[in-house]
Amino acid sequence: MRLIRKQLERDGSGVLTIVPQDNEDIWYLYNIVQEGDEVTAITSRKLANEKGAPRVKLTLQIKVAKIDYDAGAGTLRLNGRTTNDHKDVPLNSFHTLQLEPQLKCDIYKDEWDSFAINQLEEACDIANRSDIAAIVLQPGLAHICLVTDAMTVIRQKIEVTIPKKRRGDNSGMEKAVQKFYKQIYSAIPKVINLEKIKAVLIAGPGSGPRELFNTIMQLAMSEENQPVLQARQKFLVAHASSGHMHSLHEALQDKQIQESLANTRYGRETRVMDKFFKSLNDDDLKAWYGPDEVEKAVDLQAVETLMLTDSLFRSSELRERKRYVALYDAVRDLGKEVLIFSSLHQSGEQLDSVSGVACLLMYPLDLDEQSDQENEN
Amino acid sequence: MRLDDDDLYDYDDEFDEDKAIEDVISALKPIIVSEIQAETELDKADWDIDLAISNLRKKLGKNKPSNVANPSDSKSNNIKAQKKLIPPQEDQGKGKLTPLQVLQKSRQEKNEKPKLSLADLASQRKRNIPSLSSIKKLKKQRTPINDSKIENIDSNSTINASKAEISFSNSWIPKISYDLSFSLDSFGLTLDNLASINTSASSLGGIISSSTQKSMTDTNYFEVPKQAQVSFGKPSPDDVVRAAQETAFTPNSKGKSEINVKQTPIIPKKTDQFNESKESLTVDKSGLLQKLQSLQIKPSCSFVVIGHVDAGKSTLMGRLLLETGSLSPKTVSKFERESAKAGKSSFWLAWALDATKEERERGVTVDISEAHFETDLASFTVLDAPGHKDYVPNMISGVSQADIALLVVDSDINAFESGFTLDGQTKEHAILARSLGMDHIIVAVNKMDTQGWNEERYLEIKSLLGDFLRKKVGFSKIEFVPTSGIQGTNVAHPISPDITEANWYSGPTLVETLENSVKSESETDNTFRFMVSNAYVEPFQSTLTVTGRCISGVAEAGDSVYCIGITQRLEIKQVANKEFVCAGEQAELILIVDEQVKNDNAIKPGSILSAANDLPLVKTFEAKIRLFDLNRPIIPGAKLGFHMGRVDKTVKVLKILELLDAKNAADSKSRKIRHLGRGAAARVELELDTAEILTPPAVCKVLSRFVLRLDGETIGGGVVC
């Protein structure tokens with residue numbers, strides 16, 4: 001994300017002008033823009049209400065009423081009424097802006113809270129960005145996905161039926177496996193930009209990933225597929241216990257991958273999540289989840305690490321959002337760690353399903369007992 | 001979605017219950033009165049009847065609460081009916097009897113029925129028919145299958161029940177079956193209960209000497225309809241039923257016919273009580289039966305070979321196949337040559353089962369291989385499972401197809417221990433087999449030749465492993481056999497006296513142990529269900545070949561089956577190498593399919609073929625799970641690998657409903673359950689990524705048990721509830 005202009009007032013309101021650079025920035029924008037904000041961007045609109053009328057490019061400002069995000073296409077659609085005077089478009093007419101990479105836009109908010117600023121800063125910090133493509137496969141099932149700083153996106157799922165082995169004649173099975181590998185091979189250039197990507201991880205049980213790699217290289221050689229051949233060094237073969245998406249994180253434990261992931265958001269998230277689970281498993285009363293429990297812990301200033309998912313802040317209920325922003329601020333002001341998990345990553349997805357807020361404490365504390373006591377009082 | 005087995009048998013609520021009860025009572029009254037008169041005869045009844053009654057009482061004692069628990073359906077009305085029946089008994093000075101006892105009594109008395117004349121019987125029947133048929137109608141309303149079929153299933157089960165009753169009273173007269181079936185119906189036993197009574201009665205039948213057995217088969221089922229025809233002079237409902245049975249497609253009737261076949265008393269072992277007594281239940285397909293009876297059918301058994309990687313599973317199985325004559329020496333010598341050429345000469349026996357290029361190159365079994373062999377006493381199906389950690393999902397599919405497990409352990413120092421450590425597959429496989437419902441395991445302590453047949457080593461492994469399998473894992477039957485797969489010692493032939501070090505062992509060989517553990521009971525009397533393990537498309541033919549295991553019921557060529565995802569019924573063109581397939585058997589079926597089914601790949605490994613289109617596709621379900629060792633606790637939202645047979649899916653934990661451990665249960669009431677840790681047992685709500693066929697264990701055991709895995713480790717097992 002490129003920040004072009006930042007004009008904030010004392011009361012927290014103000015305008016920012018930004019240019020999103022890639023799909024990931026659109027995801028950050030999705031977290032930043034809320035209903036009620038005013039957004040200005042170049043758009044196209046049919047001026048005359050008749051068939052075949054030409055679409056004209058113009059700049060419009062709207063007050064956002066509805067937000068749609070499409071992770072696959074990397075677009076954010078904002079719907080609302082126009083708020084600026086335009087010679088052709090009357091005030092208060094409905095319009096939909098589509099935010100895309102490389103499209104400059106102005107965002108006005110009544111209040112830029114700390115979460116929005118944090119997201120913006122993260123989006124602008126491209127030093128730690130690391131995009132990895134991963135193929136997890138088992139016989140008959142493969143997922144091709146993109147692991148970026150803020151999201152894990154499944155670009156393609158390939159599922160075929162492979163006959164099981166049979167004594168005597170196994171040609172059917174071998175043919176089907178080769179066909180399956182070929183399907184993956186032909187999907188790669190369509191869904192992965194091999195030039196931009198840092199690494200392509202092939203993972204799965206047994207010898208499957210190794211065979212896939214060999215097949216890909218063979219096919220690329222015979223077809224003289226230069227992009228693939230040049231990216232040969234980027235391919236990594238790792239172990240995972242299955243071809244399902246939940247095995248991806250096993251593959252990401254691979255040492256080589258870990259090195260390149262260490263400083264990324266993904267790496268941090270995984271580390272903290274592992275710690276959280278370990279604590280939970282040991283039952284040492286240091287790991288808690290749920291908004292009420294965490295709020296209590298924050299009140300007692302016992303929190304060491306606060307974990308929140310970005311989906312919490314997307315709540316259209318202003319009070320909800322304020323509640324989490326208050327938690328965020330409180331912990332940060334104490335100088336403790338706050339992590340915003342991307343709900344598009346595996347760990348964030350899991351956190352989301354347990355209310356989206358969790359914390360690790362500095363010392364064991366039975367929050368259940370605390371609430372019992374309160375109830376008695 | 002919650003599955004409730006009551007749903008399967010509920011009658012329609014709109015049924016005019018009162019009227020039916022009146023019917024029942026008015027019909028019953030004369031019988032009871034006459035029976036009470038005959039009661040004095042009762043003392044003369046021999047011990048069989050006493051035993052039968054006490055068993056029945058036990059059964060009914062169990063069934064009764066379930067009746068009470070459903071006050072809304074017609075079952076409860078039957079309890080009312082029972083109560084109303086008490087007064088006549090009281091008149092006879094038996095006021096202190098509970099309704100249950102009354103039921104027992106009246107049933108008992110019916111066994112004394114010979115006193116009644118044929119005319120009486122006929123007249124009673126006439127009165128009985130309306131109530132019976134009214135119940136049938138209800139069932140029709142409930143189930144949207146064609147009429148003749150329902151009629152068939154229906155009457156079948158009632159007749160079965162009555163026959164089962166007769167199986168201990170038949171030395172008097174078999175013709176009372178109609179009254180009995182009527183009385184059973186009137187007392188509100190659901191089909192379910194009938195089945196259970198059926199079983200108890202049939203086990204009794206077995207206890208009665210085999211001489212009565214013969215008379216049973218002679219008299220029962222053909223004479224009854226004939227008598228009926230004579231007395232009515234017009235087609236009776238029984239004829240309708242019989243006709244329907246002959247024409248209609250019903251799993252139940254086949255279930256009966258099959259049993260008859262299975263129990264052919266050629267092999268003494270097979271003719272156990274269970275099967276023998278069921279002979280009396282035979283209803284139809286007499287032609288086929290006679291034909292099949294002339295065939296010599298050996299009992300069949302399938303076992304899965306499990307254990308740590310490189311324990312010698314495939315080699316031991318190769319040896320087994322060779323020594324039982326199912327591998328020709330020629331093929332074996334070919335393997336020997338080829339494996340020597342590939343520089344893997346010690347793998348020559350394993351090559352019999354490791355058929356793919358990958359497996360042979362790496363010397364590791366990847367997928368289940370299936371092989372068959374026969375001994376003099378039984379026929380076996382071997383499912384050779386991969387031992388490597390990565391291929392546990394394949395191993396699970398093998399376990400789901402097997403009756404018993406053969407655990408192979410390497411007796412070598414270190415090798416045994418490494419398989420037996422925390423993440424060794426000796427442990428994991430044993431736990432998996434147990435969680436998938438197996439309770440019988442045979443342990444082959446392999447590679448004894450490398451240990452010089454050291455008895456101490458054998459005993460050490462036996463005590464270590466025996467303790468673990470019994471106490472930690474919970475197997476009820478564990479047997480140990482020392483073997484050497486590569487040298488073929490104690491596999492099919494006893495240890496030769498030349499091997500002096502092994503003189504201490506005088507127990508059975510591996511094959512003998514397997515023969516001794518052949519299970520005879522199977523769910524033949526249930527709906528035909530078949531789990532597909534492999535499906536092969538035959539090019540340019542309108543057929544599809546599937547292999548797999550018959551979970552329950554029986555089927556033969558010409559039967560049609562349903563498969564989820566395919567709207568039309570599929571016809572079985574042929575059962576390869578056999579005339580029929582019955583519960584517990586591995587088989588290859590050739591199905592007639594059209595192009596579309598073939599192109600859609602609708603039948604694939606993991607598919608269930610079923611005679612009735614009644615299997616639910618489930619996405620969200622409740623289950624009881626037990627967790628083993630795990631590093632990451634399970635919290636709601638966790639995604640786990642879900643394995644059941646060939647099914648390999650992702651399941652998401654939606655909610656933790658309650659903890660089931662005794663010690664934690666009390667705790668969980670006061671506390672919010674936040675996570676499930678090591679060793680926890682809980683009732684949870686799970687969601688599959690795509691819907692799958694799941695049933696509660698009451699409907700189909702195989703389709704109710706599953707295993708949960710995470711990060712390549714088995715973390716828990718569960719049962720759908």
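**Questions on a predicted model**

Q: What is the phi of A:Gln102?
A: A:Gln102 sits in the loop between strand 6 (94-99) and strand 7 (105-109) of chain A. Although A:Gln102 is not a glycine, its phi is positive, with a value of about 70 degrees.

Q: How much area do chain A and chain B bury between them?
A: The size of an interface is often given as the accessible area lost when the parts come together. Here 35 residues of chain A are in contact with 52 residues of chain B. Of the area buried between the two chains, 47% is on carbon and sulfur atoms, and the whole comes to about 3700 Å².

Q: Which element of chain A gives the largest share of the side that touches chain B?
A: Across the interface of chain A and chain B there are twelve residue pairs in polar contact. Elements that give two or more residues to the chain A side include helix 3 (171-191), helix 8 (265-282) and helix 11 (346-353). The largest share, five residues, comes from helix 8 of chain A.

Q: Which residue of chain B meets A:Glu349 in a salt bridge?
A: Side chains of opposite charge can pair when their charged atoms come close. Between chain A and chain B the count is two salt bridges. In one of them, with N to O at 2.8 Å, the side chain of A:Glu349 meets that of B:Lys639.

Q: How far apart are the closest N and O atoms of A:Arg323 and A:Glu295?
A: Over all chains, a search of the whole structure finds 28 salt bridges. A:Arg323 and A:Glu295 form a salt bridge in which the closest N and O atoms are apart by 2.7 Å.

Q: In what order do the six strands of chain B close into a barrel?
A: Strands of a sheet pair through backbone hydrogen bonds, either parallel or antiparallel. Strand 7 (residues 529-537) and strand 8 (residues 543-552) of chain B pair in the antiparallel sense over eight bridges, and the bridge partner of B:Ala535 in strand 8 is B:Val546. The six strands of the barrel, with antiparallel pairing, follow the order 7-8-13-11-10-14.

Definitions and conventions. Residues numbered from 1 in each chain as written. Chains lettered and ligands numbered in written order. Predicted model: local features only at pLDDT ≥ 70, side-chain atom pairs only at ≥ 80, totals over all residues. Heavy atoms only, no water. Contact = heavy atoms within 4.5 Å. Buried area = accessible area lost by both parts, 1.4 Å probe. Salt bridge = Lys/Arg side-chain N within 4 Å of Asp/Glu carboxyl O. Polar contact = N/O pair within 3.5 Å; in protein donor to acceptor, adjacent residues only side chain to side chain. Helix = DSSP H or I, 4+ residues; strand = E, 2+ residues; numbered from the N terminus. Pairing = 2+ DSSP bridges.
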